[in-house]
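Please read the points below alongside the sequence and coordinates. They are meant as a colleague's notes, to be checked against the model itself.

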Amino acid sequence: MTNSPAGREWLEHRAEELILMEQLKRVELFNGRAAMLGLVIGIITEGLTGSGIAHQIGLGALVDGFAACRTQFLPFCF
C-alpha cells in the first residue's frame, strides 16, 4: 500500500465516517431507550391517575373533541 496524500486523506475521511456512525448508533440507542421509558412512565401514571397520556401532556381537549365528533356525528366534524 502506498503512502500517498490521496490515500491518507481517504483513510482520514473513512475514520471520521466510522466515528460519526458509531456516535449516531449510540445517540439513536439512547433516544429509543428514553422514548420507551417515557411511554412506560406515561402508562404507569395513567393506571394510577385514570387520565390518559394525551390528557397528561395537555392534549386532552383535542382527544375529547375527536371522541365527541365520533359519537355525536356533529356537522363540523370530518
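1. Which residues form a nonpolar patch on the surface, and what is their accessible area together? The patch is formed by I57, L59, L62 and V63, with about 390 Å² of accessible area together; patches are made of residues with over 30% relative accessible area and no salt bridge, like charges being joined within 9 Å and nonpolar side chains (Val, Leu, Ile, Met, Phe, Trp, Tyr) within 5 Å. V63 lies in helix 3 (residues 60-72) and is partly exposed, its relative accessible area being 38%.

2. On provenance, this is a predicted model, in which local features need pLDDT of at least 70 and side-chain atom pairs count only at pLDDT 80 or more, while totals for chains, interfaces and linings use all residues. Residues are numbered from 1 along each chain as its sequence is written, and side-chain values use heavy atoms, with hydrogens and water left out.

3. The mean pLDDT (the predictor's confidence in each residue, from 0 to 100) of the protein chain is 83, and 81% of its residues reach 70 or more. Confidence is highest in helix 1, at a mean of 93, and lowest in helix 3, at 69. Where pLDDT is low, the predicted coordinates should not be read in detail.

4. The protein chain has three helices and zero strands, the elements being DSSP runs numbered from the N terminus (helices H or I, at least four residues; strands E, at least two). Helix 1 is followed by G50, whose phi is positive, near 90 degrees.

5. Buried residues (under 20% relative accessible area, with exposed over 50% and partly exposed in between, for a 1.4 Å probe and protein chains only) make up 6% of the 78 residues in the protein chain. The accessible surface comes to about 6,900 Å², 69% of it belonging to carbon and sulfur atoms; such areas come from the Shrake-Rupley method with a 1.4 Å probe, and for residues only the protein chains shown count as cover.

6. One salt bridge (a side-chain nitrogen of Lys or Arg within 4 Å of a carboxyl oxygen of Asp or Glu) is found in the whole structure. R14 pairs with E17, the closest N and O atoms being 2.9 Å apart; the two residues are three apart in helix 1 (residues 5-49), and therefore separated by about one helical turn. R14 is partly exposed, at 35% relative accessible area, and E17 is partly exposed, at 35%.
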